[in-house]
Amino acid sequence: MNEAYLKINNIKVWARVGVLDDEREFGQLFSFDVLLWSDFEECTDSDDINKTIDYSILINDIKNHSKSFSCKTIEKYSSEIINMIVRKYKPSRLEVVLTKCNPPIIGFDGQVSIVKTYEK
């Protein structure tokens with residue numbers, strides 16, 4: 001079997017995550033990058049969409065999760081997303097990069113990310 005992974009970049013979500021009360025009340029913009037390792041051989045051989053991971057559904061799963069979730073840290077939020085993906089898609093390996101696009105830090109106009117991995 002050849003190693004293959006699905007890579008999805010820049011999934012934008014509005015989420016209620018942050019230490020400040022306003023961050024959890026009003027939310028802010030986040031971005032996800034997802035790398036998901038799985039066995040794609042059956043789909044490769046058959047060209048059958050039902051034999052692979054439908055990335056449009058995965059993207060919507062991540063977006064929908066953000067609508068009902070709130071926490072203080074990007075560490076917790078990224079773990080929630082990893083757990084959701086592992087439960088539903090059962091990847092052999094997974095990497096998630098969660099980026100807080102505009103953290104409310106005076107004098108800082110960059111981004112902050114956490115990178116987490118899962119391996120079966």
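K88 and D61 form a salt bridge, with their closest N and O atoms 3.0 Å apart; a salt bridge here is a side-chain nitrogen of Lys or Arg within 4 Å of a carboxyl oxygen of Asp or Glu. Because K88 lies in helix α4 (residues 74-89) and D61 in helix α3 (residues 55-67), the pair ties together parts that are 27 residues apart in sequence, where helices (H or I, at least four residues) and strands (E, at least two) are DSSP runs numbered from the N terminus. This is a predicted model, in which local features need pLDDT of at least 70 and side-chain atom pairs count only at pLDDT 80 or more, while totals for chains, interfaces and linings use all residues. Residues are numbered from 1 along each chain as its sequence is written, and side-chain values use heavy atoms, with hydrogens and water left out.

By the salt-bridge rule the count comes to six, among them a pair formed by the side chains of K100 and E23, at 2.7 Å from N to O. That pair links distant parts of the chain, K100 being in strand β4 (residues 93-100) and E23 in helix α1 (residues 21-26), 77 residues apart. K51 forms a further salt bridge with E42, with the closest N and O atoms 3.5 Å apart.

The table gives relative accessible areas, with buried meaning under 20%, exposed over 50% and partly exposed in between (1.4 Å probe, protein chains only).

| Residue | Relative accessibility and class |
|---|---|
| K88 | 47%, partly exposed |
| D61 | 16%, buried |
| K100 | 11%, buried |
| E23 | 8%, buried |
| K51 | 38%, partly exposed |
| E42 | 49%, partly exposed |
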